[in-house]
Amino acid sequence: MEACIIDGTKRCGAVSGLTTVVNPISLARLVMEKTPHIYLAFDGAEAFAREQGVETVDSSHFITPENVERLKQAKEANRVQIDYTQPLHKDEKKETPEADGDSKLGTVGCVAVDSLGNLASATSTGGLVNKMVGRIGDTPIIGAGTYANSLCAVSATGKGEAIIRGTVARDVAAVMEFKYVSLKEAAAYVVEEGTPKGNVGLVAVSATGEVTMPFNTNGMFRACATEDGYSEIGIWPSVQN
């Protein structure tokens, strides 16, 4: 598992290669607050977790029948897939099993702004099913899957390699800053023009409270809420993402 947290002042922490930490995002925050570093991974991150007394369990805790089945399917199809890609089905006319649609679930991300305009973003993920040992995705990489500055906070989900290549989260902030456009316009540009279709979705909030949740996949589980009681929940595309 891996995770990242960053605030609008660019204080940040990230972790990768965790197998026993119950809440990776909490460890990422401790990296930010308790160390001179930004990013710890694998054995070093696990050792730091034990030093800090965060909750850990045996790695078998995270092995479920559903995930074992997903791994089996991915290996049979000789593919790497997002964590919650729908099960494979066999077409009677085809020899090779295929995926029934793209992923709608996977990474968990959150962005927030307070009444003073202070921003923060946090993202946590288990990565890909059947990935190579040692593979690191976009989630813990500042500017790729997670980013915040004084203008906005962004958390992305999707295919990590595409998100890293597109520096998706940072690009949203950069387009806002250098093209002088709204958060919604910036995010739409990055998702629709800057990343190949079927690869990315994101949630973002600006310092003034503007919220946007665009994606170029079939769907993305998403929600937002404000202090005055407004809330929005969605899965499929809508007129306003």
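## Burial, annotated positions and helix packing in a predicted model

Of the 241 residues in the protein, 45% are buried (under 20% relative accessible area, with exposed over 50% and partly exposed in between, for a 1.4 Å probe and protein chains only). The model is predicted: local features need pLDDT of at least 70, side-chain atom pairs count only at pLDDT 80 or more, and totals for chains, interfaces and linings use all residues. Residues are numbered from 1 along each chain as its sequence is written, and side-chain values use heavy atoms, with hydrogens and water left out.

The protein has six helices and 15 strands; these are DSSP runs numbered from the N terminus, with helices (H or I) of at least four residues and strands (E) of at least two. Among contacts with a separation of 6 or more, 51% are between residues 24 or more positions apart, where contact means heavy atoms within 4.5 Å.

### Annotated positions

An unreviewed UniProt entry lists Arg135, Ile136, Gly137, Asp138, Thr157, Gly158, Lys159 and Gly160 under "binding site". The UniProt record, also as an unreviewed entry, places the feature "active site" at Thr107. UniProt positions are given in the numbering used here, feature names are shortened, and annotations may be inferred rather than shown by experiment.

Arg135 is found in the loop between strand 9 (128-129) and strand 10 (146-148). Arg135 counts as buried because its relative accessible area is 16%. Neighbours within four places in sequence aside, Arg135 is in contact with Glu2, Gly127, Leu128, Gly160 and Glu161.

Gly160 lies in helix 4 (residues 160-165) and is buried, because its relative accessibility is 0%. Apart from neighbours within four places in sequence, Gly160 contacts Arg135 and Asp138. Between Gly160 and Ile136, the C-alpha to C-alpha distance is 8.4 Å, for a sequence separation of 24 residues.

Thr157 belongs to strand 11 (residues 152-158). Not counting residues up to four places away in sequence, Thr157 touches Thr107, Ile163, Asn199, Val200, Gly201 and Met220. Thr107, in turn, sits in the loop between strand 6 (98-99) and strand 7 (108-113). With neighbours within four places in sequence left aside, Thr107 is in contact with Thr123, Ser124, Thr125, Thr139, Ala156 and Thr157.

### Helix packing

The table gives the geometry of two helix pairs. Axes are lines fitted to C-alpha atoms, for helices over the stretch in contact, and angles run from 0 to 180 degrees between N-to-C directions.

| Helix pair | Axis separation | Angle |
|---|---|---|
| Helix 1 (residues 24-34) and helix 2 (residues 42-52) | 11 Å | about 80° |
| Helix 5 (residues 168-179) and helix 6 (residues 183-193) | within 8 Å | roughly 135° |

Angles under 35 degrees count as roughly parallel, over 145 as roughly antiparallel, 65 to 115 as roughly perpendicular and the rest as oblique. Helix 1 and helix 2 are therefore roughly perpendicular to each other. In this pair, Leu27, Leu30, Val31 and Lys34 of helix 1 meet Ala45, Phe48, Ala49 and Gln52 of helix 2. The contact of helix 1 with helix 2 comprises six nonpolar, one polar and one charged residues; Ala, Val, Leu, Ile, Met, Phe, Trp, Tyr, Cys and Pro count as nonpolar, Asp, Glu, Lys and Arg as charged, and the others, Gly among them, as polar.

Helix 5 and helix 6 are therefore oblique to each other. On the side of helix 5, Val168, Asp171, Val172, Val175 and Met176 meet Leu183, Ala186, Ala187, Tyr189 and Val190 of helix 6. The contact of helix 5 with helix 6 has nine nonpolar, no polar and one charged residues.
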